[in-house]
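Colleague: I am new to this structure. Please take me through one part closely, the helices and the aromatic rings packed among them.

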Amino acid sequence: MKTNYFSKIENKYVFNVSLIVWHLFIMIATLSVLISLAIVLWSVFPPSERTVVKNPYPEKIAYPEPVKVGIDELITEKKETEIKEHREEQAAKPTEDKVIDENKDAFEQSLEKLKLLVPPENYSWQSTGYWTYPYGKRYWDVYKKEEYRRWVVNKKGINELISDYFVSVGANSYMQKSNVVNRITMVIEKTQESKRFQALGVVLSITPRNIDHSGAILTSVSKTIDHFQHIENIDYLQKMIAFGTRNPGDGANFIDYVSQIIHKFDKDSRTDILDKLIGSYYNVFNQNLKKLTEATDLYINLLNNIESEKQAELLSKYYIKYLEKNSDRENTIYRIDQEYAAQIAAMDTKFINEKTKAELEFEAKNILKRSLRQKALLGVASGILIVVLIGTFLTFLSIQRTVCRIEEHISKEKK
């Protein structure tokens, strides 16, 4: 009787309550599996990286206008300034050019055009020299082999000078040689006929660093020659080519500037003006072409009030006076440049820091997703395992309950 009572209590209350509890566990496990699967799917997609936009640089503060030097200050100034001119010579190292290509005809045509300007019948295109015989002339007479004689050049002809020039500027192909000869011809044809041979010698005696450098200098020089045609000597040509060769950065631009302004000066003063410009570039403006052109442009505005024979003399005085009056301006420009450079550096540093921070954040997101994916996969496996175990347990409980009901039914039938 007592056993039946407890069995009834177990079947009616305990079993039902435990069934609800175990079903609740199954629901929780199933929900955790679904949530874990959602996390796994979320972690598969790569995280977005924060975009860092670099702010545009601010505009630099405008430089103050240069302080002009008045004509009265210039003419009454008594101080003389000595301008020193630096000269350098660059020697070419001749080597043999053996490069042959399909542009030989174009090169020969260019050379023929140059020969029309400097005719071979009037000028020495071939080198002159003499033969020496290291082992005695008798060996040469008998064997006729070049090893038994040697040609000694005592004066190079134009052909050999041009070959040396090709080697110095690195003109190896016929196309490159043709371009070099064409640029040389541009200069020679602008020169007076009586000075062409001398001009050609000047051009070939000063060799720039490479083909491009040579082409830029010769092109710029060809623009200035018309303004010096009245000058008997061609020292101006040597000075401009030498300057361009020594200054690969500013050389061609300086000569272009000379070609633009030199005609504004008196004809008889132009060679002196050229000397002043070259000397001042080094000694007054410390190789700053921008400052030189700025000051010279202001001086040109005063030329109408300056006697032609004093233009070169007063130019040197003007430069000194100009720098004296603009010293405060130069300090202001220096300060503006320094502040602007510091501002740009700060912006660049901030951008780099923000970029690095964004990359670190992106990497942290990747690490977080990988960690959550591993935990989510573990959650999926654990949830499935719990559902299986609880389902198995509930199956046994269900079997037990069914057996109990069968026993009760059999017991009732017996009674």
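Modeller: Rings of Phe, Tyr and Trp pair if their centres lie within 6.5 Å. This is a predicted model. With that cut-off in hand, start with the rings.

Phe265, Phe285, Tyr299, Tyr318, Tyr319 and Tyr322 form one aromatic cluster. A search of the whole structure gives 20 aromatic pairs. One of these pairs joins phenylalanine 228 to tyrosine 236. Their rings are stacked, 4.5 Å centre to centre, with 10 degrees between the planes. Phenylalanine 228 and tyrosine 236 are both buried.

Another pair joins phenylalanine 243 and phenylalanine 254. This one is tilted: the centres are 4.2 Å apart and the planes 35 degrees apart. Why tilted? Planes under 30 degrees apart count as stacked and those over 60 as edge-to-face, so a pair in between counts as tilted. The pair links distant parts of the chain. Phenylalanine 243 sits in helix H9, phenylalanine 254 in helix H10, and eleven residues separate them. How accessible are the two? Phenylalanine 243 has a relative accessible area of 0%. Phenylalanine 254 has 1%. Buried means under 20%, so both values fall below the cut-off.

Now stay with H10, which spans residues 251-261. Nine of its eleven residues are buried, so the helix is mostly covered. Phe254 is on that list, along with Gly251, Ala252, Ile255, Asp256, Tyr257, Val258, Ser259 and Ile261. What covers them? The cover includes H8, H9, helix H11 (270-283) and helix H12 (289-300).

H8 and H9 turn up again around helix H7. H7 covers residues 196-205. Its buried residues are Arg196, Ala199, Leu200, Val202, Val203 and Leu204. They pack against helix H3 (104-117), H5, H6, helix H8 (211-224) and helix H9 (235-246).

Two of those partners, H5 and H6, also pack on each other. H5 runs over residues 158-169 and H6 over 174-190. Their axes lie 11 Å apart, at an angle of about 115 degrees. That makes H5 roughly perpendicular to H6. The crossing is right-handed. From H5, the contact uses Tyr165, Phe166 and Val169. From H6, it uses Lys177, Val180, Val181 and Ile184. Of these residues, six are nonpolar, one is charged and none is polar. In general, an α-helix has 3.6 residues a turn, so residues three or four places apart point the same way.

Conventions:
Residues numbered from 1 in each chain as written. Predicted model: local features only at pLDDT ≥ 70, side-chain atom pairs only at ≥ 80, totals over all residues. Heavy atoms only, no water. Axes fitted to C-alpha atoms, helices over the stretch in contact; angles between N-to-C directions. Helix = DSSP H or I, 4+ residues; strand = E, 2+ residues; numbered from the N terminus. Parallel < 35°, antiparallel > 145°, perpendicular 65-115°, else oblique. Left-handed = near helix turned anticlockwise from the far one by under 90°. Contact = heavy atoms within 4.5 Å. Nonpolar A, V, L, I, M, F, W, Y, C, P; charged D, E, K, R; others polar. Buried < 20%, exposed > 50% of the residue type's maximum accessible area, 1.4 Å probe, protein only. Phe/Tyr/Trp six-rings, centres within 6.5 Å; stacked < 30°, edge-to-face > 60°.
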